[in-house]
Amino acid sequence: MSENSAAPIKKALSRNVMLPAQDMALLGQTSQPILTHADGIYVYADDGRRLIDGPAGMWCAQVGYGRREIVDAIAHQAMVLPYASPWYMATSPAARLAARIAELTPGDLNRIFFTTGGSTAVDSALRFSEFYNNVQGRPQKKRIIVRYDGYHGSTALAAACTGRTGNWPNFDIADERISFLSSPNPRHAGNRTQEAFLDDLVQEFEDRIEALGPDTIAAFLAEPVLASGGVIIPPKGYHARFKAICEAHDILYISDEVVTAFGRCGEWFASESVFDVVPDIITFAKGVTSGYVPLGGMAISEKVLERVSGDKAGGSYFTNGYTYTNQPVACAAALANIELMEREDVVVRARAMAPYFAQALASLRDLPGVAETRSVGLMGCVQCLLDPTRADGNADDKAFTLEIDNRCFELGLIVRPLGDLCVLSPPLIITREQIDDMVAIMRRAISEVGAAHGLHARVPAAV
Ligand SMILES: Cc1ncc(COP(=O)(O)O)c(C=O)c1O
């Protein structure tokens, strides 16, 4: 029986597999499509159907599938040295990868700590902020400021920082150290201008700092673009103004670039190049290996490290680490991925493709049911609302959007369903023709589902 035979896979899924965000009422009954292989921007289902991978896996398949160079690097490293303890031994892949990433990060973020993925990268950055203040004799400076709609992962601390309130029920994640600010979603401006909306967000941050006391706040943790919270692109100037406030109060600015780095926004890292801010710490994962194997990490500023190292260390150890910190196979995969991206100018091409992608999404705005399209680099979304004047979708809008996503799937396109958003963040190697294919499927799906809901294309008035 082939490894892809449906029956044993379905049996194991029903008996043995627990999924992320598992709907517990349907434990053992969830029927996910089974994928067998992939190539370029396409994945293939076990019924032989080819699907465009609209979300690039989970925002991670930057260079697409079937890239021999990465596979060879993984196989080679697994053969010569699959593992070494990062506590006692150094290896070439981790050292070379750290040096390479340090060349790509902004400012003096030259010290790299590798983790197993995005959540552990965020967790490590937050634990560093704790350590940083304890070593400096400021044990009360511990609070973490985050935003509603932010997503930072699934370890306990990263999950506690997640402002997607839908993730909260039945988890005891309330942590008195964590304080939530408003989502910087431009659609929440109401009748304010974007400038006035930004002023209010800044004021809220300043008021919160004053209320809590700056000497109790360790860090501000923020994604440059709130990805899983809804591809939310904050108003222009937001990041720089928040960074200036952090500097004024000696608060670490942690930029969570787990999604936005490695070309997703048209730059290696988005913080400075796209959003004008040099953070104190950047977390990354996903695109660093294009999803071939798990890896994450954080880059820390030298200036920040100077305050807790050398003769300022006071005998301290940063006792945070993982069995798979500096994992040689993962680091070799990341090096091969980065080399491939450089050789093929993947980041430059993604930047050049961004306006075409934005226009292609915008071409859907004539369809009834499409409230908005937005994108930065090659991460974008189509917001589908039965009533486009609403800022956020209600349960009916979410059901409507899910129908659209399902219809896209039937027509050969995977779309990440995210409430009232159809999220598209394709592999960065996508061509114009493939973007056209993606958008043509979306057009058909939105039109058909819209018509079934009584939404009909606006017909020009008869003359
Ligand atoms: C911004 C952000 N941070 C952290 C994470 C957690 O990463 P991981 O799922 O690799 O642990 C994610 C995952 O989607 C993310 O989007």
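Student: Which ring does the charged end of arginine 50 sit over?

Tutor: This is a predicted model. In it, the distance from the charged end of arginine 50 to the ring centre is 3.7 Å. The ring belongs to tyrosine 42.

Student: How is the aromatic pair of phenylalanine 113 and phenylalanine 318 classed?

Tutor: The structure holds 20 aromatic pairs. In this one, the centres of phenylalanine 113 and phenylalanine 318 are 6.1 Å apart, with 75 degrees between the planes. Planes over 60 degrees apart fall in one class, so the pair is edge-to-face.

Student: How many residues apart are the two partners?

Tutor: Phenylalanine 113 lies in strand β4. Phenylalanine 318 lies in the loop between α10 and α11. The pair links distant parts of the chain, and the separation is 205 residues.

Student: Is phenylalanine 113 buried or exposed?

Tutor: The cut-off for buried is under 20% relative accessible area. Phenylalanine 113 has 16% relative accessibility. Phenylalanine 318, at 27%, counts as partly exposed. Phenylalanine 113 therefore counts as buried.

Student: How much of the ligand's area does the protein bury?

Tutor: The residues around the ligand include Tyr151, His152 and Glu223. The shell divides into 3 nonpolar, 5 polar and 3 charged residues. Taken alone, the ligand exposes 390 Å², and the protein buries 82% of that.

Definitions and conventions. Residues are numbered from 1 along each chain as its sequence is written. This is a predicted model: local features need pLDDT of at least 70, side-chain atom pairs count only at pLDDT 80 or more; totals for chains, interfaces and linings use all residues. Side-chain values use heavy atoms; hydrogens and water are left out. Rings of Phe, Tyr and Trp (its six-membered ring) pair if their centres lie within 6.5 Å; planes under 30 degrees apart count as stacked, over 60 as edge-to-face and the rest as tilted. Helices (H or I, at least four residues) and strands (E, at least two) are DSSP runs, numbered from the N terminus. Buried means under 20% relative accessible area, exposed over 50%, partly exposed in between (1.4 Å probe, protein chains only). A charge sits over a ring if NZ of Lys or CZ of Arg is within 6 Å of the ring centre and within 35 degrees of the ring normal. A residue is near a molecule or strand if one of its heavy atoms lies within 4 Å of it. Accessible areas come from the Shrake-Rupley method with a 1.4 Å probe; for residues, only the protein chains shown count as cover. Ala, Val, Leu, Ile, Met, Phe, Trp, Tyr, Cys and Pro count as nonpolar, Asp, Glu, Lys and Arg as charged, and the others, Gly among them, as polar.
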